[in-house]
Amino acid sequence: MGYGDIMRVKTSGASDKTASADGRTGGVGLQASGEMASDDLERMKSYKTIIGNVACKRDVDPALIAAIISRETRGGAAISGTNGYQGNGFGLMQVDKNWHEPEGDWDSETHLDQATGILVDMISVVREKFPGWSPEQHLKGAIAAYNMGERVLEFADVDWKTTGNDYSSDVVARAQFYKRNGF
């Protein structure tokens with residue numbers, strides 16, 4: 001993929017805050033992220049075709065798209081009702097209606113394309129802001145920016161304002177799981 005190798009991105013996985021919010025008591029980090037991604041695997045398989053289509057179009061690793069879906073909506077399981085909203089977020093990848101006009105149905109290829117386009121835009125922003133970073137650092141920074149906006153300040157503390165203070169670390173760990181499991 002054109003934006004770095006997700007398997008080479010350094011990650012610590014889910015924080016205690018994220019793991020405990022999911023009811024995990026037996027561990028944090030890579031183990032917890034892998035378990036949460038595994039819990040979502042069957043649901044993720046139902047989106048594999050549209051994830052693959054968008055990944056090909058946007059030159060983004062399909063495992064990364066799957067990981068964001070897992071983190072944001074547990075493969076769609078966390079979206080209540082039929083309107084596709086969870087707070088201000090819309091759809092599988094939770095496009096924030098305060099910043100973007102949501103496109104497509106909540107579980108559609110159109111929605112995934114819009115959300116992945118936002119991620120690609122964040123990669124460009126992070127590349128421009130930090131030209132000395134490696135492609136993998138740009139990718140991790142962009143994942144954080146997808147969650148918190150363009151407030152990334154330094155790589156050492158990339159998740160400082162993300163949900164759970166671990167968004168990019170957890171998403172990367174989940175993406176690595178999905179990469180090893182057919183995405």
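1. On the helix 4 side the contact (heavy atoms within 4.5 Å) uses Ala63, Leu64, Ala66, Ala67, Ile68, Ser70, Arg71 and Glu72; on the helix 7 side it uses Tyr167, Asp170, Val171, Arg174, Ala175, Tyr178 and Lys179. By class, nine of these residues are nonpolar, one is polar and five are charged. Here Ala, Val, Leu, Ile, Met, Phe, Trp, Tyr, Cys and Pro count as nonpolar, Asp, Glu, Lys and Arg as charged, and the others, Gly among them, as polar.

2. The model is predicted: local features need pLDDT of at least 70 and side-chain atom pairs pLDDT 80 or more, while totals for chains, interfaces and linings use all residues. Residues are numbered from 1 along each chain as its sequence is written, and side-chain values use heavy atoms, with hydrogens and water left out.

3. The axes of helix 4 (residues 62–73) and helix 7 (residues 167–180) come within 8 Å and cross at roughly 125°. Axes are lines fitted to C-alpha atoms, for helices over the stretch in contact, and angles run from 0 to 180 degrees between N-to-C directions. That angle makes helix 4 oblique to helix 7 (under 35 degrees is roughly parallel, over 145 roughly antiparallel, 65 to 115 roughly perpendicular, the rest oblique). The crossing of helix 4 and helix 7 is right-handed, meaning that the near helix is turned clockwise from the far one by less than a right angle.

4. Helix 5 (residues 109–129) and helix 6 (residues 135–148) have axes that come within 8 Å and cross at roughly 125°. Helix 5 is therefore oblique to helix 6, and their crossing is right-handed. Among the residues in contact are Ile118 and Met122 of helix 5 and Leu139 and Tyr146 of helix 6. By class, this contact has eleven nonpolar, two polar and one charged residues.

5. The protein has seven helices and three strands (DSSP runs numbered from the N terminus: helices are H or I, at least four residues, and strands E, at least two). The strands form an open sheet in the order 1-2-3, with antiparallel pairing; a pair needs at least two DSSP bridges. Strand 1 (85–86) and strand 3 (95–96) stand at the edges with a single partner strand each, so one side of each lacks a neighbour in the sheet. Two bridges join strand 1 to strand 2 (residues 89–90), and Gln86 stands opposite Gly89 in strand 2.
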